[in-house]
Amino acid sequence: MYAEISMQDSLEQSEVIALYRANKWSSAEKPDQLLAALRNSHSLVTARRNGQLIGIGNAISDGHLVVYFPHLLVHPDHQGKGVGRQMMNAMQKKYAGFHQQMLTADGKAIDFYKSLGFSRAGETEPMWIYGGSEH
């Protein structure tokens with residue numbers, strides 16, 4: 001196994017911000033809100049290699065029918081090695097019986113999520129009011 005996956009990890013703000021910055025996600029510019037959002041998610045999954053945080057993902061859910069996966073990041077140095085797949089497998093195992101598992105994917109992430117069973121839902125179109133420049 002390339003990374004240690006956990007759904008009970010504790011987080012330090014500095015390691016989370018470093019991971020988000022490495023991926024150029026604009027939420028890194030709001031560290032207090034980002035940490036509060038992650039810590040208050042329905043579920044949080046992390047990946048570590050030799051103790052270093054190399055991946056993180058979260059889920060927002062009603063706990064019964066619907067789950068939304070807003071964030072899944074893997075440090076660029078560790079992408080393409082199965083870390084994201086391990087984290088999503090852990091999340092999908094937890095939410096396996098749910099009526100809807102949803103996310104928004106762009107760019108090269110689209111094929112990754114398709115390989116995990118996600119597909120466009122009918123004629124749906126992602127829509128948002130967004131205060132960032134990227135993620």
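This is a predicted model: local features need pLDDT of at least 70, side-chain atom pairs count only at pLDDT 80 or more; totals for chains, interfaces and linings use all residues.

**Stop 1**

Select strand β1, residues 4–6, together with β2: the two pair in the antiparallel sense over 3 bridges. Strands here are DSSP runs of E with at least two residues, helices are runs of H or I with at least four residues, and both are numbered from the N terminus. Two strands count as paired if DSSP finds at least two bridges between them.

Residues are numbered from 1 along each chain as its sequence is written, and side-chain values use heavy atoms, with hydrogens and water left out.

**Stop 2**

Now select β2 alone, residues 43–49. Is this strand mostly covered or mostly open? It is mostly covered, as 6 of its 7 residues are buried. Buried means under 20% relative accessible area, exposed means over 50%, and partly exposed lies in between (1.4 Å probe, protein chains only).

Two of the bridge partners can be picked out: Val45 goes with Gly57 in β3, and Arg48 goes with Leu53 in β3. β2 and β3 form a hairpin, with 2 residues between them.

Zoom in on Asn50, in the loop between β2 and β3. Its phi is near 55 degrees, a positive value in a residue other than glycine. Asn50 counts as exposed, at 78% relative accessibility.

**Stop 3**

In what order do the 5 strands lie? They form an open sheet in the order β1-β2-β3-β4-β5, with mixed pairing. β1 and β5 (residues 100–102) stand at the edges with a single partner strand each, so one side of each has no neighbour in the sheet. On average, neighbouring strands of this sheet are turned by 20 degrees against each other, direction ignored. The axes behind such angles are lines fitted to C-alpha atoms, for helices over the stretch in contact, and angles run from 0 to 180 degrees between N-to-C directions.

**Stop 4: a loop between helices**

Finally, select Lys24, in the loop between α1 (13–22) and α2 (31–39). Lys24 is not a glycine, yet its phi is positive, about 60 degrees. Lys24 is exposed, with a relative accessible area of 67%.
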